Amino acid sequence: MSERIVTCRVLSGRGTQCTGEAVDPNAELLICARHLAEAQRLIHEAFRRAKRSA
């Protein structure tokens, strides 16, 4: 039996859904590795800015 592939739920600015496979298909947040890496980069930068201004 073939396994169902769960895709990333991130939408582009034009409303097109990402077709990447979700990192964890059972998670509450369905996101692919590419978008997960982008989110981690943005979070890291935000923490660095907050640390500098403290």
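Guide: Start with a cut-off: buried means under 20% relative accessible area. The model is predicted.

Visitor: Why is His35 called buried?

Guide: His35 has 16% relative accessibility, and that is under 20%, so His35 counts as buried.

Visitor: Where is His35 found?

Guide: His35 is in helix H1, which covers residues 33–53.

Visitor: Which residues is His35 in contact with, leaving aside neighbours within four places in sequence?

Guide: Those contacts are Cys8, Val10 and Cys18. Each has heavy atoms within 4.5 Å of His35.

Visitor: How do you know how many disulfides there are?

Guide: A disulfide needs two cysteine sulfur atoms within 2.5 Å. By this rule, the count is zero. Take Cys18: the nearest cysteine sulfur belongs to Cys32, 3.8 Å away. That value is not within 2.5 Å, so Cys18 is in no disulfide. For Cys32, the nearest cysteine sulfur is that of Cys18, again at 3.8 Å. Cys32 is therefore in no disulfide either.

Visitor: What makes Cys18 buried or exposed?

Guide: Cys18 has 17% relative accessibility; the value is under 20%, so Cys18 counts as buried.

Visitor: And why is Cys32 called buried?

Guide: The relative accessibility of Cys32 is 5%, which is under 20%, so Cys32 counts as buried.

Visitor: Why is Ser12 called partly exposed?

Guide: Ser12 has a relative accessible area of 38%. Ser12 sits in the segment before H1.

Visitor: What separates the C-alpha atoms of Ser12 and Ala50?

Guide: They are separated by 28 Å, with the two residues 38 apart along the chain.

Key:
Residues are numbered from 1 along each chain as its sequence is written. This is a predicted model: local features need pLDDT of at least 70, side-chain atom pairs count only at pLDDT 80 or more; totals for chains, interfaces and linings use all residues. Side-chain values use heavy atoms; hydrogens and water are left out. Buried means under 20% relative accessible area, exposed over 50%, partly exposed in between (1.4 Å probe, protein chains only). Helices (H or I, at least four residues) and strands (E, at least two) are DSSP runs, numbered from the N terminus.
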